[in-house]
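Reader: Hello! I am new to reading models like this one. Could you walk me through it, a feature at a time?

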Amino acid sequence: MYVIFMGAQGSGKGTQAERIGPKLKLVKVATGDLFRSAIAQQSELGLKVQSIIESGNLVPDELTNAIVQVRLAQIAANRLKDDDVDGALFDGFPRTEAQARALDDILASQDTKLDAVIEIDVPREKLIARLAGRRTCEACGAVYHVESDPPKVEGICDKCGGKLIQREDDKPDSIARRLALYDNQTRPLLDYYRAKGILITINGDQDIDTVTADILNALGQA
Ligand SMILES: [Zn+2]
């Protein structure tokens, strides 16, 4: 199964991806992770990504797609020999229609295709409240929320003991900017997948367990 998770900042997309991925044996494919790992390996693609990021530019679609293609080839190979791998869950990719078309082509070249695109929909004012309460571990990147998902000890990461901070991205000006970016960039993608008949919209304004159950149900795996 190949599934894309889409949702604005604060929709709970990342949390749901972490829950659903292992349940359905789907490997998470997030371009940020792929970039970091390509850079760490100092692969040919990784070196290109590193120089682009260090110069302060965005990684172009062509290079992003190449890196995703390499990862999907690995996943396809693992799928044949590993019972714990049954596909991929895309989180934060594709971001543009050009990337979406490239993904269709990559999957077609592997004789497979997207099964579903899950959109987690949350009203705008709820998104803002969620984001403003978000705290992130500066050591390991784990994400908490002061009300809905607090750490056991205030200000301290449960997983690694690191210090929890409010990222610049989660401050009001950044929140408004990121939500506007989502509207401009991602809405057209939703239309693209709606036209293909594979877009499933989930009500994200419910407790986390209910959203997870609704997604599993929609994917026919509940
Ligand atoms: Zn941590």
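Author: Gladly! Helices and strands here are DSSP runs, at least four residues long for helices and at least two for strands, numbered from the N terminus. Please keep in mind that this is a predicted model.

Reader: How many helices and strands are there in the protein chain?

Author: The protein chain holds eight helices and eight strands. Its radius of gyration is 18 Å, close to the 17 Å that the globule rule gives for 222 residues, so the chain is as compact as a globular protein of that length. The C-alpha trace spans about 45 × 40 × 35 Å along the principal axes.

Reader: What percentage of the residues count as buried?

Author: Of the 222 residues, 27% count as buried. As for contacts between residues at least 6 apart in sequence, 68% of them join residues at least 24 apart.

Reader: How are two packed helices described?

Author: By the angle between their axes and the distance between the axes. Here, helix H6 (residues 124-132) packs with helix H7 (residues 172-196) at an angle of about 135 degrees, and their axes are 10 Å apart. Roughly antiparallel would need an angle over 145 degrees, and H6 and H7 are therefore oblique to each other. Their crossing is right-handed.

Reader: Which residues make the contact?

Author: H6 contributes Arg124, Leu127, Ile128, Leu131 and Ala132, while H7 contributes Pro172, Ile175 and Leu179. Sorted by type, the residues of this contact are seven nonpolar, one charged and no polar.

Note on methods. Residues numbered from 1 in each chain as written. Predicted model: local features only at pLDDT ≥ 70, side-chain atom pairs only at ≥ 80, totals over all residues. Axes fitted to C-alpha atoms, helices over the stretch in contact; angles between N-to-C directions. Parallel < 35°, antiparallel > 145°, perpendicular 65-115°, else oblique. Left-handed = near helix turned anticlockwise from the far one by under 90°. Contact = placed C-beta atoms within 7 Å. Nonpolar A, V, L, I, M, F, W, Y, C, P; charged D, E, K, R; others polar. Rg over C-alpha atoms; globule rule 2.2 N^0.38 Å. Buried ≥ 20, exposed ≤ 12 C-beta atoms within 10 Å, placed from the backbone.
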